[in-house]
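I opened the model to look up a few things about its chains and their contact. My entries follow the order in which I went through them.

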Amino acid sequence: MNCQKATQQIPLFVEADLETAEMQQVNLHLEACRVCREIAAEFQSSQSSLRAVTAPVFDEAMLTQMRHAVNAEIARTSAPVFAGLSPIWNWKLVCAAVVMLCIVGVVLSLQFSAPVVNHLGEQSAAHTCCGMGGVSDRHLRQRVPEQSAGRSRSPYRNRIRVASPAKKVTRTVPETPFDKVNPSHSVEAATVPSSLAIAGPPPEDTTSAPEPEMLRMEFQTADPNIKIIWLTPKEPTRTTPAADIQ
Amino acid sequence: MEVEKMSRNVADIALVMDQFSQGSRPNSDPIIERARSGDAAAFEQLMIAHQQRVLATAWRMLGNTEDARDAAQEVFLRLYKHLPKYDARQEFAGWLYRIVINVCHDVARKRGAKHSSFEFEQEAGTLPPLLSRDNSERAAMQSEEQAIVMKALSKLSEKERAVIVLRDLEGLPTEEVARILGSSATTVRSQISTARTKIKQYRDRFLKGGKR
C-alpha cells in the first residue's frame, strides 16, 4: 500500500471502519511510514476532540415543559372537529346545509326541465301555444273572418296555404301577440301526411249568439305533437273591416 | 399500590433505556406496545425514557438548545402519530433516530439564515468561552478545541453532520447508520471519511495557525 492509498484510508482506519484486511494493510503501512503515522495521530486527536463534545444537561423543568407541550398538542389534534362548537353552531351548520341543498336542487331542476324541442326547431305544441296546433279556437275564430276575406289587408295577414296532401305547409304569422313571445314563428317544411283529417263542424255553442256554421279541418303533421286546425265558415261571409271602408 | 405501580414504571423505563442504548430489538417492549394501543401513560413513560437522548442528538445536529427543544417536541409528536404504524420487527432506537434526523433536517431548513447556531450558543453563554484566562491552560485548550470542533460540525452539510453525529457521537455502527439514513454502508463510509477530513482540516487551520 502506498501513501496516497493509506491517506485515503486513515480517516476510516482511526475508528476501525475498514474491513479487517484493509485495517491490517493500513496498519502495516503506518508501521513503515512516519508521515502517514503522524497524519493518523492527528486524525485520532481530532476524533478525541469530537467525542469530547458533550451536549448540555437539560434541566427537568425544561423537559417537563416539553412533555406538557407535546401532550397538549396531542390532545388538541386528536379532539373531534366539532367538539369546540356549541349546539347552536351545529344547528346553524345544519340549516346552512339544508338551504344549500335546496338551492342546488332548484338549480338542477331548472337545468333539466328545459322545453321539448321538436324536429322543426320549435317548441312542442303541447307546451306552448306558439305553434299552430296550440292556437286556441277562440283566437282562430277571431282570425277566420279576416282570413276568409283573403284579399283584405288585415294587420295580422295570417296566411295558411294547403297545397295538397303530403306537401309543405307555409305559414307566416307576424305581428301577433304570440310573436312577442316567440319571434321565430315561421314554420317551414311541415309535411302534411296523406292522412289528412277533415272533421265535421264543432259542437254548437249554446251560450253565445248565433254564428255562421264553421267548417273545422284538422291536419295531422308528421310530428304527433303538432296538429293544424283550420276553422272556416261553410258559406263565406264577406266582412269589411273598418279600415277598408275608409 | 401506588409505590408498586411507580416501581413498575421505573423498571419499564430502565428496560427501554437499556434497549435504546444497546440497540437490542424491543419486540416485546411492554411500554411501546401499550403506547401503540393508545395508552397515554405509556406514551408519557416512552417520552421520559427517550427525552434526554433525543434532545442531545437534536442539539448535536442543530447546535442550540432552543432549536433542539423544538425539534424534540416535534419528534415526540411524530412518534405519537406514527407509532401505530411502527413495525415491531425493526429496532425502535433506529426508528426513533430516523425521526430525529428527519425532524432536525426540517428544522435546519426552516431555520435557513440562522445556520451558524453554534456561535449563537457561545454568545448566549451556554457553551464555555474559547479562551478563559481564569482557567488552567489545559482547560482552556480543551474548551477551545471543543468550540472549534463544534464550529467545524456546523460547517458540514446536513448528511455529513448526520453521519458524524450518529457514528462518532452516538456510537452507532456504520451499517446501522446506513439503515437509519436509508443509504448504503459504502456511501456512509465515504461521507464519514469526508466529514472527518473536513473537521480535522478546520481544526488544524485554527490550532496550528495559532488563531481562531
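Predicted model: local features only at pLDDT ≥ 70, side-chain atom pairs only at ≥ 80, totals over all residues.

**Notebook: one residue, two chains, one interface**

I started with Asp67(B), which touches Leu62(B), Val107(B) and Arg111(B) when residues up to four places away in sequence are not counted; contact here means heavy atoms within 4.5 Å. Asp67(B) sits in helix H4 of chain B. Its relative accessibility is 10%, so Asp67(B) counts as buried. I used these classes: buried is under 20% relative accessible area, exposed is over 50%, and partly exposed is in between (1.4 Å probe, protein chains only).

Residues are numbered from 1 along each chain as its sequence is written, chains are lettered from A and ligands numbered from 1 in the order in which they are written, and side-chain values use heavy atoms, with hydrogens and water left out.

**Chain B**

I counted ten helices and zero strands in chain B. Helices (H or I, at least four residues) and strands (E, at least two) are DSSP runs, numbered from the N terminus. Chain B has 212 residues, and 51% of them count as buried. Of its contacts with a separation of 6 or more, 66% are between residues 24 or more positions apart. I put down about 10,500 Å² for the accessible surface of chain B, with 50% belonging to carbon and sulfur atoms; the method is Shrake-Rupley with a 1.4 Å probe, and for residues only the protein chains shown count as cover.

**Chain A**

Chain A has eight helices and five strands, in the order α-α-α-α-α-α-β-β-α-β-β-β-α from the N terminus. It has 246 residues, of which 31% count as buried. For chain A, 43% of the contacts with a separation of 6 or more join residues 24 or more positions apart. Its accessible surface is about 16,200 Å², 59% of that from carbon and sulfur atoms.

I then looked at helix H1 (residues 3-13) of chain A, where the buried residues include Ala6(A), Ile10(A) and Phe13(A). The buried residues of H1(A) pack against helix H2 (20-32) and helix H3 (34-51) of chain A, together with H10 of chain B.

Cys3(A) is also in helix H1 of chain A, and Cys3(A) is partly exposed at a relative accessible area of 38%. Beyond its neighbours within four places in sequence, Cys3(A) contacts His29(A), Cys33(A) and Cys36(A). The C-alpha atoms of Cys3(A) and Cys36(A) are 6.8 Å apart, at a sequence distance of 33 residues.

**The interface**

How many residues does each chain bring to the contact? Chain B brings 37 residues and chain A 30 residues. The area buried between them is about 3,300 Å², and carbon and sulfur atoms give 64% of that. Buried area is the accessible area (1.4 Å probe) that two parts lose on being put together, summed over both.

I found five salt bridges between chain B and chain A, each a side-chain nitrogen of Lys or Arg within 4 Å of a carboxyl oxygen of Asp or Glu. One of them joins Arg167(B) to Asp17(A), with the closest N and O atoms 2.7 Å apart.
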